[in-house]
Amino acid sequence: MKDLAQTNTSAPWTEVGKPHPHESAVLHVCGTANYTDDLPELQGTLHAALGLSTQAHAKINNINLDAVRAAEGVVAVFAAKDFPGTNECGPIIKDDPILADGKVEYVGQPVFVVVAHSHDQARRAARLAKIDYDNLTPILHPRAARDAESYVLPPMSLSRGDARQALEKAPNRIQGSWQVGGQEQFYLEGQIAYAIPKEANGMAVMCSTQHPSEMQHIVAHALAIPSHSVQVECRRMGGGFGGKESQSGLWAAAAALCAFHLKRPIKLRADRDDDMMVTGKRHEFHYDYDVAYDEQGLILGARFEMVSRAGFSADLSGPVATRAVCHVDNTYYLSDVDIRAMCGKTNTQSNTAFRGFGGPQGAILIEYVIDEIARLLGQDALDVRKLNFYGRNDAEGRNVTHYGQKVADNVIHELVAEIEASSSYRARRLAINEFNAQSPVLKKGLALTPHKFGIAFNVTHLNQAGALVHVYLDGSVLVNHGGTEMGQGLNTKVAQVVAHELGVPLSEVRVSATDTTKIANTSATAASTGADLNGKAAQDAARQIRERLSEFAVKTYGGNVVDVRFSDGQIYCNGSSIAFEEVVNKAYFARVQLWSDGFYATPHLQWDSKTMTGSPFSYYAYGAAVSEVIVDTLTGEWKLLRADALYDAGNSLNPAIDVGQIEGAFIQGMGWLTTEELVWNANGKLTTHAPSTYKIPAISDCPEDFRVRLFKNTNVADSIHRSKAVGEPPLLLPFSVFFAIRDAIASVAEGKINPPLTAPATSEAILRAVTAVQTLQSQ
Amino acid sequence: MSGKIRYFFQKQIHQVDNIPTTRTLLQHLREDLHCTGTKEGCAEGDCGACTVVVGEVNNGQLTMKSVNACLQLMPTLDGKAIFTVEDLQIGEDLHPVQQAMVECHGSQCGFCTPGFVMSLWDLYLDREPPCAPLQRKQIDIALSGNLCRCTGYRPIIDAAHKMEQLPRQHFDKNAVLRILNTIEQSETLDYVHAGQHFFAPRKLSDLIALRKTYPQACLLAGGTDIGIWVTKQFRDLGHIIYLGKVVELQQISEENDTLKIGAAVSLDDAYRHICQHYPQELNDLWQRFASLPIRHAGTLGGNVANGSPIGDSMPWLIALGSRVVLHGGAGERELALEDFYLAYQKKDLQADEIVSAVRIPLPRANLIFRTYKLAKRFDQDISAVCAAFSADLVGDRLSNVRIAFGGMAATPKRAQKAEMVLNQQTWNEASLNVAMSALAEDYAPLSDMRASAGYRLQTAQNLLRRFWLETCPDSPLTTQSVNAFASANMNAAEAK
């Protein structure tokens, strides 16, 4: 990266910071935005479907595919032995076969892939296999995995201070166990890959993926061809949420395998049920905690143990657990802690990334503990939360995280104070108490929860990005970058950044498909870093072009390079204003390079995975929310009456998109903690594998009174235009919904008993907790 | 005998004779016509990404209804008009629905968007100005069948309001009507593909005759369940007899204190009529019965004939003492609905018989009646428990107590023990408690992914308590005091 002139922020006209609509909004509403399945199919295209394991854990004795081959329309069937290269799609640990080889480790594991003339024929044929299994004992629960010490990775631990001593001499101590469930990503567009064989053993794969480079590597390795022979392209996804980070690999590789052997274009599109049966989800977490606190509720020491449902292979379970460990503090200073995290190997889908990536599972534990402590002390949980906040600065102290990073940008005190006031938290608390006193069946609850979320990939080397900016002779601009568009508005933000740098209207800038032949070795669009990394890389590329154009303009029109301004589609140089297009044209004839690459690597990051210490994050994104619910104590039904959220997006690149991300994350996180329940039966089969049984929030679940605002702030870190990431952190805002429900349940016993409520708080879980509180109260 | 499926789409009449009888509209649009604006999200009518609007002629009028393209079998579209997201834009101009979605940031990933746009368009068409501003409840109903995983819905709700503030775009229903009238309707469509017939008779007598000839044929009405047999279970349906064109089955009439609803009347139309008589008791269930596109396609007769133990109509129909009308070779007969269900998926229905109507008693003096649905989610969810209670209450004395539940047994089933302990009793907490205990003898529910047996039984009992709280002679509570959703609505109204 070159050291170039600073952004000309004095320019009177700018695209950054404006609430532009999503760059594809018009295409979306017209149905003309193409997703992978919408691309015109090439002549000779065939369709594939996966044959899935019906057993949770078994040795495969024999696979009889005769009936599959004989089925109408079937062209070929491939299995593990047919990979020219490695049958492997694990993103970090190589324990993840694309097609099961000799054994199956969960119900739904792909065993073979069948190719037919139509999608329907392939799906029908895939069910006709006769597989002879020797069943082995499955492990179906994370706690059972821990008891058996069955892990996909070695346990990890982090400690600071002396938690043991703090606990032993504690004035108060609370111990317990708790759990939060997993969550299906439920991207509306299912997994899909369209593999097209190219000359000289080449392979092009159109794929719905957050990680084109990884798809490229998996396909190259599976086919035993060099990466330069594999092109992976993704224009847009119909949602990703982490589910298309590593787990799109299986589909890309299976489609490519068929295309490689048959020399025909192959489309592999997952039916919703297959998608949910095959792919991993958010990790369910089980916790044991032991926490010391004083009479005011200040936490003095804590011991946490967490075991996640990793599923049958490692996938991203390690980094997810790391982020959980790094977020168990949330906004609170933990002086003496001892944390142990384990990734339980279970015979279920291999769990993976999902928005928040373990962060929510870490942070909600401390929120639960504080909620417990507050009720034991008879205090408002908000006061206990405030008491435990990180210090504002060095003078106050208490501002270094348990993993050793200094919290240098703490705004949680001001942010929470603002929302406490704007939501009338205290007045509503009184009104709710009054309501509950005279309402025998329905009870209201209220909660305010804060969050702090570390921004950057925990693993330092992933924090890099590349971009390519082309300026054409008509003045139009094409941008490529390594990030992927899954609806989060990344391409809109990057286009705004480039338009701003070149001083051209946003309409002149187009961001095209992510393509491994344009930007090499990209990181996944994940960890909320999309705009931070790719925005900076694109800015770097655009600035290089601007620099060259400035130098050329000065040569042509006179003046000084530092005085040249790019704004409003004009270049202002030496007192004259020339159309951007005209300067570009002249520069071309003068043989000036009108395109550039750009690169960015986030500075000042450091992480030691062995000791789990360092400064892994570039900065923190803060937020808080207040939720009010009403709960029916006869049925466990509930409704969110009002939600207020305040989020720190720094100097927002696009407030409309950022508010959209916050609201979307809020409702999605609320679904995780309430209606979205994954149920496996006694044989380890997922029984909630379609929207008929797995219930994500629907329109009535959006509260009628929903007030989302951006907190006025500027990023302390030198991020892209001092903005802050917005993808994942707001998923923590609906913790307030869960704790408001718990508050309402507790009101059954005047708030004196801690309701044993686990997540997801389905109506059934709520009624169970209500009944438990009533029983405890009557004892 | 037409032999061809003829439908109007994108300014022309299409004639199709080479697709399987079970080809879905979604497959046809995407794979045969390469119109890829309409998306597949689940292929089971639960996500709404494939929502389209279908126009058809009813009594000389054009009706336009949003439906899930993934569940509509192509031959059922014979004589109808299909509108997809590709139809809305006129030239360069976005339709107000589309414009509002753009301006309100109603799309993020955009995959669900065409479905939302079509549901909103259906709502837009229903609202000929001048009309009062849209209420949130109306928007929720219109979009109850569309899932969005990105936005959290707020901007889409804003777009629904916004679309009505933009200059109105007129839709010429008469033009479509004229075109559909040119598609000549034969007596009975007999569409054949690969030896499998799809019959669409237009007269009840023809239907009965066909049923006699093809007693094994699959009877198809709205297809909201049968569509899933095709897309998810790959069942071979064999010959199909479609009830959707039979004129007699579309009738709604009031006779002798009963409301008679023909078997092919859509769920939404059926509930609209029923709720005119039982607004307080059934409005909530109407909104919570599946989604609007499912209610547009599905029929009350189909719900009853299917007889699923978790269907939402049967408990209240049984509690009210409704009767089912059957037609067969031997003529017409009628029986109490509860007697129709013999065992799991087994009905008192002869091979040549069909369900032709349901007869529902109209409200009477002294009737107390409530129905309650419990599910994980408010919108578009299958019941864990669906309860219905009815009785005559004179003074504080109960009679004619009828209690029925869905989700508690292998069939929709009455709670005879609980009814017995309440009949001729005083409606007080003591009798309530005895009846709640009796429910434990009436039912032995199962545990599944929707709820545990324990939750089902506990809430069945608690819902009886809710019924008592709402109807007890001494100081009954309002619905808003015992129902979180009703209370939330009141809360929202106050906030405004």
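Analyst: Happy to; we will go from the whole chain down to single residues. This is a predicted model, in which local features need pLDDT of at least 70 and side-chain atom pairs count only at pLDDT 80 or more, while totals for chains, interfaces and linings use all residues. Residues are numbered from 1 along each chain as its sequence is written, and chains are lettered from A and ligands numbered from 1 in the order in which they are written.

User: Let's begin with overall shape. How many helices and strands does chain A have?

Analyst: Helices (H or I, at least four residues) and strands (E, at least two) are DSSP runs, numbered from the N terminus. Chain A has 19 helices and 29 strands. Along the principal axes, its C-alpha atoms fill a box of roughly 90 × 75 × 45 Å.

User: What percentage of the residues in chain A are buried, and which residues have the most contacts inside the largest nonpolar core?

Analyst: In soluble globular proteins, nonpolar side chains tend to be buried together. A residue is buried if 20 or more other C-beta atoms lie within 10 Å of its own, exposed if 12 or fewer, and partly exposed in between, with C-beta atoms placed from the backbone. By that test, 63% of the 779 residues in chain A are buried. A nonpolar core is a set of buried Ala, Val, Leu, Ile, Met, Phe, Trp, Tyr and Cys residues joined through C-beta atoms within 7 Å. The largest one has 410 residues, and those with the most contacts inside it are Val114(A), Val205(A), Val219(A), Ala254(A), Ala255(A), Ala256(A) and Val498(A). Helix α7 (residues 249–262) of chain A gives the most to this core, 11 residues.

User: What does Ala256(A) touch?

Analyst: Two residues are in contact if their C-beta atoms, placed from the backbone, lie within 7 Å. Leaving out residues up to four places away in sequence, Ala256(A) touches Ala195(A), Met203(A), Val205(A), Val219(A), Ala222(A) and Leu223(A).

User: Now the two chains. How many residues of chain A are in contact with chain B?

Analyst: The contact involves 69 residues of chain A and 70 residues of chain B. On the chain A side, α17(A) supplies the largest share, 7 residues. For the classes, Ala, Val, Leu, Ile, Met, Phe, Trp, Tyr, Cys and Pro count as nonpolar, Asp, Glu, Lys and Arg as charged, and the others, Gly among them, as polar. The side of chain A that touches chain B has 31 nonpolar, 22 polar and 16 charged residues.

User: How do I read a pair of packed helices?

Analyst: Two packed helices are described by the angle between their axes and the distance between the axes. Axes are lines fitted to C-alpha atoms, for helices over the stretch in contact, and angles run from 0 to 180 degrees between N-to-C directions. Helix α3 (residues 113–126) and helix α5 (residues 154–163) of chain B pack at about 35°, with axes 11 Å apart. The contact is made by Phe116(B), Leu120(B), Leu123(B) and Tyr124(B) from α3(B), and by Ile156(B), Ala159(B), Ala160(B) and Met163(B) from α5(B). By class, these residues are 8 nonpolar, no polar and no charged.

User: Is helix α1 of chain B enclosed or open, and why?

Analyst: In α1(B) (residues 25–32), 6 of the 8 residues are buried, so the helix is largely enclosed by the rest of the structure. The buried ones are Leu25(B), Leu26(B), Gln27(B), His28(B), Leu29(B) and Arg30(B), and what covers them includes β3 (51–58) and β5 (81–83) of chain B. After α1(B) comes His34(B), with a positive phi near 55°.

User: Last one: is Tyr344(B) buried or exposed?

Analyst: Tyr344(B) is exposed, with 11 other C-beta atoms within 10 Å. Its place is the loop between β14 (341–343) and β15 (346–347) of chain B. The C-alpha atoms of Tyr344(B) and Thr411(B) are 5.6 Å apart, although 67 residues separate them along the chain.
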